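Welcome! Here is a short briefing for anyone meeting this structure for the first time. Take a look at the model, then read on topic by topic.

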Amino acid sequence: MNNKDLSERDICTKYIIPALEQAGWDKELQMREEFELAPGQIRVRGKMVSRGKRRRADIVLCYKPNLPIAVIEAKSNRRSMSAGMQQALDYSARLNVPFAITSNGDGFVLHDRTGHGEQTETTLHLNEFPSPADLWARYRRWKGLDEAAEKVVLQDYFDDGGDKKPRYYQLNAINATIEAIARGQKRILLVMATGTGKTYTAFQIIWRMWKGRKRTDSGDNLRILFLADRNVLIDQTMVNDFRPFAGAMAKLSTRSKTIERADGSEIDLPLAVDRQRRIDTAYEIYLGLYQAITGPEEHQKLFKELSPDFFDLIVIDECHRGSAAEDSAWHDILTYFSSATQIGLTATPKETEYVSNINYFGEPVYSYSLKQGIQDGYLAPYKVVKIHIDRDVEGYRPEKGQRDREGELIEDRIYNAKDFDRHLVIDDRTRLVARRITAFLNEYGDPYQKTIIFCVDQEHAARMRQALINENAELVQQNSRYVMRITGNDPEGQAQLGNFIDPESTYPVLVTTSRLLSTGVDAQTCRLIVLEREVGSMTEFKQIVGRGTRVHEDTGKYYFTLIDFRGATSHFADPDFDGEPVQIYQPGPNDPTDPPETESAEELAPLEDESGEYQNPEDETVLFDPKQTEPETKERRQKIYVDGVDAKIVAERVEYLDSNGKLVTESLRDFTRRALKKRFTSLDDFLRRWNESERKQAIVEELEANGLPLDPILDELGKDLDPFDLICHVAFDAKPLTRRERADNVKKRDVFGKYGEQARAVLDALLEKYADEGVLNIDDTNVLRISPLDKLGTPIELVNAFGGKHGFEKAVHDLQTELYKESA
C-alpha cells in the first residue's frame with residue numbers, strides 16, 4: 001500500500017512506534033496511545049445535550065508510568081512532518097511537558113521547550129529519535145531536579161490493576177506537588193475545582209511520599225496527617241480513596257462508626273484515640289477533624305500530645321475554610337507542626353482584603369479551574385433560571401396599624417428581599433417558591449431529580465420542607481423521605497445524607513438546608529440547586545455551584561440547573577468568579593491579620609450554624625465551643641410572621657453558558673440558528689452542499705458530531721420537518737414544508753412513470769417511509785429488508801427491478817433530487 005493512503009493510526013503502528021521501540025522506549029510501560037486530554041465540552045440548550053470534539057494525543061511518552069515528558073502528534077503521509085506541531089504544542093502545554101513532537105511516518109520534528117537544546121526545533125530521521133535517558137536528562141535539567149529529588153519524583157503511583165487512571169490535570173497536580181516537595185518546598189497550594197477529584201489527587205500524593213521516603217531519624221515510613229472540617233469528608237475518604245492505606249491508617253476520634261463502602265460492604269473505622277484521649281502512635285496515616293483535636297483552652301489541644309516533629313506531611317482539605325487565617329482555632333495545629341511539609345487543597349482560594357491562602361502557602365503549584373473543567377468536559381455545565389417575585393422587587397410595607405400573627409404591631413417600614421425569611425415571613429411567598437420548584441421538576445418530566453434548596457436558616461428550611469411536602473403530597477405518600485430537611489440540628493435528616501449522595505438510592509429527592517450541604521458533600525447526581533437565600537461570599541457561592549458540577553454518565557447527568565430566587569447568581573458577572581487566584585493582601589511583619597466583623601468572619605466559622613449556636617459535626621466529641629470565648633451578644637429578634645399577604649412571579653428568564661464560559665440569555669432556536677450560520681454562510685451555500693452530498697445523512701451526522709443534533713429543535717418546533725427544511729427554516733427563515741407535503745408533491749409530478757410496476761411500488765414505499773419516519777439513507781439497499789418493502793420481494797429481486805444496483809442507486813438519487821426541488 002502507498003504510504004499516502006495510510007491513516008494516522010496506520011502511520012503510528014507501522015512507522016512511529018517501531019522507531020520509538022528502536023530508540024529504547026517500552027511500548028507497554030512508556031507509551032500511552034490515544035491519551036485522553038478532554039472528553040469534549042458538554043453543550044446544553046433546552047433539553048438538548050451534546051458533547052463537543054474529544055481531544056486525544058496520539059502518543060504520550062512517559063519516562064515511568066504516569067510521568068509524561070513528551071507528546072507525539074501523528075499526521076498522514078500526505079502532509080508534512082511538522083503539520084501537527086501547533087496541536088502538539090497545545091497538548092504539551094496542557095500536560096506541562098517540554099517536548100512536542102510531530103511525524104508523518106517519514107521522520108520526526110522535535111520542539112524542545114526546555115531552552116537547553118542547541119536549537120528549539122529539530123528534524124530527525126526515524127532512526128534518530130532520542131532515547132528515554134536522553135529526554136529524561138533534559139527534563140530533569142528543565143525541572144531543576146538533583147539526584148536526591150529525582151528519587152522522590154520517580155516513586156511509583158498506586159495502581160491496583162483496575163481501570164481507574166489519573167486524568168491529565170490530576171497527573172499535573174500530583175507531579176507538580178511531588179516535584180515541589182522534592183525541591184524542598186515546605187508549603188504548597190493546589191487549586192482544583194469542586195468535582196475534579198481533589199481527594200484522589202491527595203491520595204496519590206500521599207501514597208508516593210509514603211512509599212518513596214523514609215524518616216531520617218529512624219528509617220520508618222513517613223507519618224502523615226490529613227485534616228478536614230466535616231466528618232462526612234473524613235469518613236468518605238477513609239472508605240473510598242484512602243482504602244489502600246488500610247492497616248496503617250486511623251481516625252483521630254473516640255467515637256466508633258460503621259461505614260458502608262461504595263461496593264456495599266461495611267467497615268468499622270479504626271480509631272487512634274482511646275476514651276482517655278490518648279493517641280496511639282503506631283499508625284502512619286492519621287485523619288482528623290480540626291475541631292476534634294484543638295480548642296481555645298490548653299487542655300483541649302489534643303494534638304500537643306504528639307511531639308512537634310511527629311508528622312512529616314500534613315494535607316489540609318478545603319483549606320479555604322479557615323486554615324489560612326492566622327486567628328483561626330486550628331492554625332495552632334499548622335504552627336505546632338511547622339517542620340512538616342504542608343499541602344493546602346482548595347477549590348476556591350480565599351483571597352480577600354483580610355485573609356490570603358496564597359500568602360500562607362505561596363502561589364499555587366497547579367490550578368485547574370471550574371471554567372477549564374467545563375470546557376474540557378470533565379465538569380457539568382449549568383443553566384440558570386432567574387425568577388423575580390413581586391414582593392422581592394417592589395418590597396412590602398405593612399398597612400398602618402397592621403399586626404403580625406402574634407398580635408404584635410409590625411414596624412412601619414419597607415421590607416425587602418434581605419428581610420424575607422430572616423426578619424419577616426410571608427408564607428405565601430414560601431408556597432410560591434415550592435410550587436415553582438415542583439412545576440420545574442414536572443415540566444422536565446422527572447420529579448425524582450436530586451435537588452438541594454438552600455434556605456436562609458434552619459427554620460426557613462423547615463417551612464420550605466413543609467411547603468414542598470404539600471405540593472408533592474402523592475409522591476410523599478409513596479415515600480415519606482421524598483422531601484427532607486438536612487441541617488445541623490436535625491439528626492434524622494443528617495442520617496439520610498449518605499442516601500442523598502448515593503447514586504443508587506432514590507430517596508431523599510428534595511432536600512432543604514441552609515449551609516450544611518454547601519461544602520464538601522459529593523452529591524454526584526444533584527441536578528437542581530435552588531438558591532432561596534442570598535450568598536454574600538464568593539467563596540461560598542463557588543462551593544454551592546460545585547454541588548452540581550459532577551458529571552454522572554451512568555444516570556445520564558450531564559448538566560445541572562440553578563434556580564435563583566434571590567439574585568445570588570449575580571456573582572457569575574463578577575470577574576473574580578472564575579480564573580486564576582490573585583493575591584490581594586500581603587501583610588508585613590507587624591501587620592494584623594484580624595478581619596473586622598464582615599461576611600469574611602462568617603466564612604471563618606464553619607462550625608457556627610445559622611442559629612448562632614455551635615454545630616456538633618455529626619457524632620464527633622465536642623472539645624470546645626468557639627462562642628465561649630466571645631462576648632455575649634444581644635438576644636436575637638424573633639421573626640415576624642405576616643398572614644394575608646400574597647406573592648406572585650413577575651419575571652423569569654433562562655441563561656446558558658456560551659462557548660467562552662459566559663452566561664447568555666438565548667433560546668434553543670436562537671442558539672441553533674447561530675450555530676448553523678457558522679457552518680453555512682448563506683442559504684445558497686447550504687443548498688449547494690446539500691445537493692452535492694451523495695449521502696444527505698452525512699450532513700446531519702457531521703452537525704451532530706460538532707455538538708448540534710437536530711432532534712431537540714425538531715421536538716421544540718413540533719413539526720414533521722425534514723432536516724433540509726429545518727435548517728432552511730431556522731437558519732434562513734425559509735418557509736418549511738413537512739415531509740408529507742414533500743412526498744405528496746413528488747407523487748403529483750408522476751416522476752416514476754418510466755419504471756416498471758415493481759420498481760414504482762418500491763419508490764412509492766420509500767416515499768411513504770420518508771414521509772412517516774424521515775428516513776434519509778433510503779439509498780442504502782438494507783432499507784429493502786424493512787417493512788413494508790420486504791413484502792414486495794427479496795432485496796435482489798427489488799434491485800433487479802431497476803436493472804441492477806447502479807440503476808437502483810440512480811433511481812433513489814433522482815427521487816431525492818425531486819424531494820428537494822422546492823428549496824425555498
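Cys 455 is buried, with a relative accessible area of 0%, where buried means under 20%, exposed over 50% and partly exposed in between, for a 1.4 Å probe and protein chains only. This is a predicted model, in which local features need pLDDT of at least 70 and side-chain atom pairs count only at pLDDT 80 or more, while totals for chains, interfaces and linings use all residues. Residues are numbered from 1 along each chain as its sequence is written, and side-chain values use heavy atoms, leaving out hydrogens and water.

**Cysteines**

- Cys 62 is buried too, at 2% relative accessible area.
- The count of disulfides is zero, a disulfide being a pair of cysteine sulfur atoms within 2.5 Å.

**The chain as a whole**

- The chain has 824 residues, and 55% of them count as buried.
- Its secondary structure comprises 29 helices and 27 strands; these are DSSP runs numbered from the N terminus, with helices (H or I) of at least four residues and strands (E) of at least two.
- Among contacts with a separation of 6 or more, 70% join residues 24 or more positions apart; a contact means heavy atoms within 4.5 Å.
- The accessible surface is about 36,700 Å², and carbon and sulfur atoms make up 44% of this area, calculated by the Shrake-Rupley method with a 1.4 Å probe.

**Aromatic pairs**

- There are 33 aromatic pairs in the structure. Rings of Phe, Tyr and Trp (its six-membered ring) pair if their centres lie within 6.5 Å; planes under 30 degrees apart count as stacked, over 60 as edge-to-face and the rest as tilted.
- One of them is stacked: the ring centres of Tyr 63 and Trp 136 are 4.5 Å apart, with the planes at 5 degrees.
- Tyr 63 belongs to strand E4 (residues 55-64) and Trp 136 to helix H4 (residues 132-143), so this pair ties together parts 73 residues apart in sequence.
- Tyr 63 is partly exposed at 24% relative accessibility, whereas Trp 136 is buried at 3%.
- Tyr 169 and Tyr 378 make an edge-to-face pair, because their centres are 5.5 Å apart and their planes stand at 65 degrees.
- Tyr 169 is in helix H6 (residues 168-182), and Tyr 378 is in the loop between helix H12 (370-376) and strand E18 (382-389), so the pair ties together parts 209 residues apart in sequence.
- Both Tyr 169 and Tyr 378 are buried.
- A cluster linked by ring pairs takes in Phe 158, Phe 203, Trp 207, Trp 210, Phe 226, Phe 242 and Phe 245.

**Charges over rings**

- Arg 223 lies over the face of Phe 310, 4.0 Å from the ring centre. The rule is that NZ of Lys or CZ of Arg is within 6 Å of the ring centre and within 35 degrees of the ring normal.
- Lys 450 has its charged end over the ring of Phe 500, at 5.4 Å from the centre.

**Around Asp 309**

- Asp 309 is found in the loop between helix H9 (290-293) and strand E15 (313-316), and is partly exposed at 43% relative accessible area.
- Asp 309 and Ser 339 are 30 residues apart along the chain, and their C-alpha atoms are separated by 6.3 Å.

**Confidence**

- The mean pLDDT is 78, with 79% of residues reaching 70 or more; pLDDT is the predictor's confidence in each residue, from 0 to 100.
- Residues 321-327 have pLDDT below 50, and this stretch has 32 contacts in the model beyond near neighbours in sequence.
- Residues 579-636 also have pLDDT below 50, with 113 contacts beyond near neighbours in sequence.
- Where pLDDT is low, the predicted coordinates should not be read in detail.
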